[in-house]
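Please read the points below alongside the sequence and the 3D view.

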Amino acid sequence: MTFGRLALVTAAPLGLALAASAAVRADEAAIPGVRDAYQARTDYQLKCQGCHRPDGSGDDRSNPPMKGTVARFLTVLGGREFIGRVPGVATVDLPDDRLANLVNWTLFRFDPAHVPQDFQPYTAEEIGRLRQNPLRLERAATRARLVAGFAKTHGRQ
Ligand code: HEC
């Protein structure tokens, strides 16, 4: 009996905590191309934030910030393909549909202002095709060329 009461007392706060962490935030509820924001956020925490940081701020040494800038790749020719081919995306151990869900979430979560108005979300098929061809050593030069093109684009277009 005593044990039963104790179990109840400890289980209640745990249940509340789980319910709170499972809830999808209002601003993530209807992101284009994201069928499961909770899954995306969890996948980001497990597979991406070690390098890109929880808030997408990256660092100023080796991992680029995504916050306020990542969707700018969508505004330059070749940038859409680049996103599907960077090693952190292409080689992650997630199936194509979960990766498309995650990439679309990443773009809107960290840089909604630069997502072009006519953006077509990544599909599992497109991600599956792009990731078959991961960028290797050429990625630094490719990235630099794309980033140089950012200067010519201004936010939503
Ligand atoms: C081991 C560290 C690491 C991990 C883990 C990682 N990335 Fe990256 N990411 C990078 C680096 C470094 C770049 C810059 C391009 C390059 O050199 O690969 C990059 C580039 C990117 C880009 C292109 C934007 C840019 O500024 O170059 C996107 C989008 C991206 N990562 C998303 C993700 C997602 C989503 C995940 C999780 C599935 C992830 N990354 C996991 C290190 C990482």
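Helices (H or I, at least four residues) and strands (E, at least two) are DSSP runs, numbered from the N terminus. On that basis the chain comes to eight helices and zero strands. The model is predicted, with local features requiring pLDDT of at least 70 and side-chain atom pairs counted only at pLDDT 80 or more, while totals for chains, interfaces and linings use all residues. Residues are numbered from 1 along each chain as its sequence is written.

**Chain as a whole**
- Of the 157 residues of the chain, 25% are buried, a residue being buried if 20 or more other C-beta atoms, placed from the backbone, lie within 10 Å of its own, exposed if 12 or fewer, and partly exposed in between.
- Among contacts (C-beta atoms, placed from the backbone, within 7 Å) with a separation of 6 or more, 72% join residues 24 or more positions apart.

**Helix α2**
- Within α2 (residues 37–47), the buried residues are Ala-37, Ala-40, Arg-41 and Asp-43.
- Viewed down the axis of α2, these buried residues fall within an arc of 160° and so line one face of the helix, the arc being that of the directions from the helix axis to the C-beta atoms.
- The face of α2 turned away from its buried side carries Gln-45 and Leu-46, which are exposed.
- The cover over the buried residues of α2 includes α6 (96–110).

**Around the ligand**
- Lys-47, Cys-48, Cys-51, Pro-64 and Gly-88 come nearest of the 22 residues around the ligand, where a residue is near if its C-beta atom, placed from the backbone, lies within 6 Å.
- Two or more residues of this shell come from each of α3 (49–52), α5 (87–90), α6 and α8 (139–150).

How values were computed: Contact = placed C-beta atoms within 7 Å.
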